[in-house]
Amino acid sequence: MCGGLSVATGIDVTLVRIGFVLLTLGSGVGVLVYFLAWLFIPLAGETANIFSRAVTDRRGIRLVIAVVPALVLAQVLSSAAGVGFLGSFGWPVLLSAAIALLIRRNAGDEEGRWITEELVPLVHAGDGPHGRWSSVGRIAVGAILGVAGLLVLVLGHPTGAALRLLGGAVLAMAAVIVVFGPWWLSLVRDLMSERQARAVAEERARMAAHVHDSVLQTLALIQRSADDPRQVVRLARSQERELRSWLFEGRPPGADDARTLTEGIGAIQRQVEADHGITVHAVVVGECDLTEGLRALLDATREATVNAAKWSGAAQVSLYAEVDRDAVTLYVRDRGRGFDPGSIPGDRQGIARSIRARVARFGGSVAIRSSPGSGVEVEMSVPRPQSVR
Amino acid sequence: MSDQGRPRVFLVDDHAMFRAGVRAELGEAVDVVGEADEVEAAVELISERLPGVVLLDVHLPGGGGQAVLRGVRPRHPEVHFLALSVSDAPEDVIAVIRAGARGYVTKTISGDELLQAIRRVEAGDAVFSPRLAGFVLDAFAGSAGEATLTAGLDPELDLLSPREREVLRLIARGYTYKEVARELIISVKTVESHVSSVLRKLQLSTRHELTRWATARRLV
């Protein structure tokens with residue numbers, strides 16, 4: 001603002017600033033002039049002033065009309081009570097407050113951001129964490145101020161006059177409340193509904209973004225691969241899974257950083273379904289946090305599931321996980337072509353060994369049951385460490 | 001009214017597309033005697049047409065599948081219900097079973113499996129999908145040994161027998177009733193009676209885990 005004034009008058013910006021500080025110290029008028037100038041003089045580099053926007057801000061004007069009477073009342077009361085030294089400062093400060101309100105609501109984008117981010121936190125600096133002690137302190141200070149105010153009233157006048165003064169003040173306050181009370185209420189309601197509407201709009205935007213990123217994309221992919229039923233099923237399944245984990249578990253899509261057994265199994269299910277186009281049915285009984293041993297067990301499970309997807313020829317694989325007091329057991333089962341465990345082909349032996357080795361490192365065991373034509377079931381188990389039981 | 005072996009089926013689902021899909025998939029194997037897409041119409045039409053099996057969506061406008069069960073079961077206990085859902089929330093599924101459904105399958109089930117499930121429910125047996133078996137094992141967690149120490153548990157209703165637990169565990173692993181029978185060297189009939197017994201416990205038990213599930217419905 002000072003920049004704008006110095007541009008308008010040709011006086012150095014520093015001099016302008018010093019002038020304002022002096023004016024403010026001398027009497028409250030300096031503050032008022034500052035705010036008026038802020039309202040009417042465009043920002044350096046801008047053409048429209050804030051006033052031109054403020055005249056159309058009906059809600060802002062209502063706000064001023066509702067707040068100013070309260071301030072006026074305080075001013076009248078204080079001068080009636082003989083603390084008139086506030087008077088010379090009070091009126092300009094009061095008008096400035098009203099103007100400040102309009103400025104905050106109607107400032108340009110950048111200026112508005114500056115006000116919200118730099119100035120407003122200054123006002124709220126004392127808010128900090130709302131501990132019990134801070135509210136106790138606030139109440140104590142309020143009580144002391146109130147008592148002090150009453151004392152000033154009573155001591156400053158003969159007893160009868162003080163009572164009359166008090167009665168008058170109460171009446172005046174009541175009158176203002178009767179006249180402006182409903183207005184204040186509607187204002188508060190307005191502000192609240194405005195905030196609510198904003199929250200709803202934000203939620204809708206978030207929802208729309210999610211639907212766009214995942215659901216619409218998948219639908220487009222499904223349309224494009226309409227002649228490949230397997231692909232369509234795969235896409236639909238993975239979308240269903242993602243939506244469900246978003247709706248029911250509140251997990252954002254794409255977050256695959258599993259912390260619990262259920263999340264880990266869910267991640268395997270999603271991954272294998274997406275990569276291999278088969279259906280994975282998963283059932284988890286019990287729940288526990290993932291330990292190093294359980295992560296190894298999950299790695300082995302992923303291996304076994306991928307295996308089944310690649311070799312069994314079955315369209316679906318069943319995963320079953322059970323948390324016991326002493327161990328976590330996982331079953332991976334398919335109804336595919338199966339094999340004779342006595343004559344495992346070389347490549348499979350490698351995989352079986354990698355499954356076994358992973359689990360064995362944490363004291364676990366692996367059993368593979370299969371016969372040609374009846375599918376394969378891999379059972380893997382890892383003991384739970386004492387500390388997490 | 002219907003020819004032998006063709007179950008009379010009623011569909012309750014608020015998605016017309018899903019109803020059409022089930023109709024097409026089941027084809028001539030069943031006799032679809034009616035459809036409804038909300039609770040009130042479902043209760044009225046089912047009471048009028050008395051189908052053998054109602055395929056009931058768990059999530060339904062106007063009170064959910066439970067409301068349909070509550071509306072029909074007291075007057076027509078002979079109508080059997082099979083719950084169908086895409087929902088993963090155990091409390092919803094358990095609530096529908098406790099309201100009287102004789103089984104639960106997910107909507108991703110294949111046509112053949114669905115037909116089998118319909119036949120089974122029509123015959124008065126229970127149908128446990130792997131998922132439901134998992135939910136039940138979760139709800140009846142704790143072995144018989146330690147649970148008897150807990151006060152207030154009725155072993156007849158509130159605990160699963162070791163055999164029932166074994167059967168459920170195999171179902172949860174993806175075994176069909178026939179495969180369970182072969183694995184445990186018992187007859188399919190015995191498997192069915194174990195599962196029916198579990199269903200009865202599920203419906204009558206007052207274990208706090210079940211009640212909690214039924215009442216503490218998560219907001220979606």
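What follows is a quick chat about a predicted model.

Me: Let's start with chain A. How many helices and strands are there in chain A?
Reply: Chain A has 13 helices and 5 strands.

Me: And what share of chain A is buried?
Reply: Of the 389 residues in chain A, 36% are buried.

Me: OK, over to chain B. What's the strand order in the open sheet there?
Reply: The order is 2-1-3-4-5-6, six strands in all, and the pairing is parallel. Strand 2 (31-36) and strand 6 (127-128) of chain B sit at the edges, each pairing on one side only.

Me: How many bridges link strand 1 and strand 3 of chain B?
Reply: There are 4 bridges, joining residues 8-12 to residues 53-57 in the parallel sense. In one of the bridges to strand 3, B:Val12 partners B:Leu56.

Me: Now the interface. How much area do chain B and chain A bury between them?
Reply: About 1,800 Å², with 46% of it on carbon and sulfur atoms. The contacts involve 17 residues of chain B and 19 residues of chain A.

Me: How many salt bridges are there between chain B and chain A?
Reply: The count is 4. One salt bridge joins the side chains of B:Arg169 and A:Glu322, at 2.6 Å from N to O.

Me: Which element of chain B gives the most to the side that touches chain A?
Reply: Helix 6 of chain B, with 5 residues. Helix 6 (130-139) and helix 9 (162-172) of chain B are the elements giving two or more residues to that side.

Definitions and conventions. Residues numbered from 1 in each chain as written. Chains lettered and ligands numbered in written order. Predicted model: local features only at pLDDT ≥ 70, side-chain atom pairs only at ≥ 80, totals over all residues. Heavy atoms only, no water. Buried < 20%, exposed > 50% of the residue type's maximum accessible area, 1.4 Å probe, protein only. Pairing = 2+ DSSP bridges. Contact = heavy atoms within 4.5 Å. Buried area = accessible area lost by both parts, 1.4 Å probe.
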